[in-house]
Amino acid sequence: QVQLVESGGGLVQAGGSLRLSCAASTSSFSIYVMGWYRQAPGKQRELVATITSGANTNYADSVKGRFTISRDNAKNTMYLQMNSLKPEDTAVYYCNARFFGSNYWGQGTQVTVSS
């Protein structure tokens, strides 16, 4: 069982930046593929970015070049640096951890980008 806790969300103006953090309870953090997902009201949850244990990354086209996913295995923490934020980025952002049959979600943190 893995507990995931997101933090760092808030209100920011368009063009601004936020850094999200996801703290994991497991001491086996390094083996998980980690990811950030987001969900806007009335919308499906969508992939934002993923990062493997080897630090290979993938990004949704909508955030490519603006967001950077990273992880610090010593701190059992994953990050999402969000720059050049747009109102379309407004959503609840969820932390995800996967390893084969294991799949865990955090409770989410709200990001609101104003025009």
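Is Arg66 buried or exposed in this structure? Arg66 is buried, with a relative accessible area of 11%. Here buried means under 20% relative accessible area, exposed means over 50%, and partly exposed lies in between, using a 1.4 Å probe and protein chains only.

1. Ground rules. This is a predicted model, where local features need pLDDT of at least 70 and side-chain atom pairs count only at pLDDT 80 or more, while totals for chains, interfaces and linings use all residues. Residues are numbered from 1 along each chain as its sequence is written, and side-chain values use heavy atoms, with hydrogens and water left out.

2. Salt bridges. Side chains of opposite charge can pair when their charged atoms come close. The structure holds four salt bridges, each one a side-chain nitrogen of Lys or Arg within 4 Å of a carboxyl oxygen of Asp or Glu. In one of them Arg66 meets Asp89, at 2.8 Å from N to O. Arg66 sits in the loop between strand 6 (57–59) and strand 7 (67–72), and Asp89 in the loop between strand 8 and strand 9, so this pair ties together parts that are 23 residues apart in sequence. Strands, by the way, are DSSP runs (E, at least two residues), numbered from the N terminus.

3. Follow Asp89 onwards. Asp89 counts as buried, at 2% relative accessibility. Asp89 also forms a salt bridge with Arg38, with the closest N and O atoms 2.9 Å apart. That pair links distant parts of the chain, as Arg38 is in strand 4 (residues 33–39) and the two residues are 51 residues apart. Arg38 is buried too, at 6% relative accessibility.

4. The last member. Glu46 joins Arg38 in a salt bridge of 2.8 Å, N to O. Glu46 is partly exposed, with a relative accessible area of 37%. Shared partners join Arg38, Glu46, Arg66 and Asp89 into one network of salt bridges.

5. Strands of a sheet pair through backbone hydrogen bonds, either parallel or antiparallel. In this model, four strands form an open sheet in the order 1-3-8-7, with antiparallel pairing. Strand 1 (4–7) and strand 7 stand at the edges with a single partner strand each, so one side of each has no neighbour in the sheet. Two strands count as paired if DSSP finds at least two bridges between them. Strand 7 and strand 8 are joined by six bridges, and Arg71 has Met78 in strand 8 as its bridge partner.

6. Strand 11 and its partners. In a regular strand the side chains alternate between the two faces of the sheet. Strand 2 (residues 10–13) runs parallel to strand 11, joined by four bridges, and Leu11 has Thr112 as its bridge partner. Strand 9 runs antiparallel to strand 11, with three bridges, and Ala91 stands opposite Val111.

7. Phe99 is in strand 9 (residues 91–99) and is partly exposed, at 34% relative accessibility. Together with Ile31 and Phe100, Phe99 forms a nonpolar patch with about 350 Å² of accessible area. Patches are made of residues with over 30% relative accessible area and no salt bridge, with like charges joined within 9 Å and nonpolar side chains (Val, Leu, Ile, Met, Phe, Trp, Tyr) within 5 Å. The accessible areas come from the Shrake-Rupley method with a 1.4 Å probe, and for residues only the protein chains shown count as cover.
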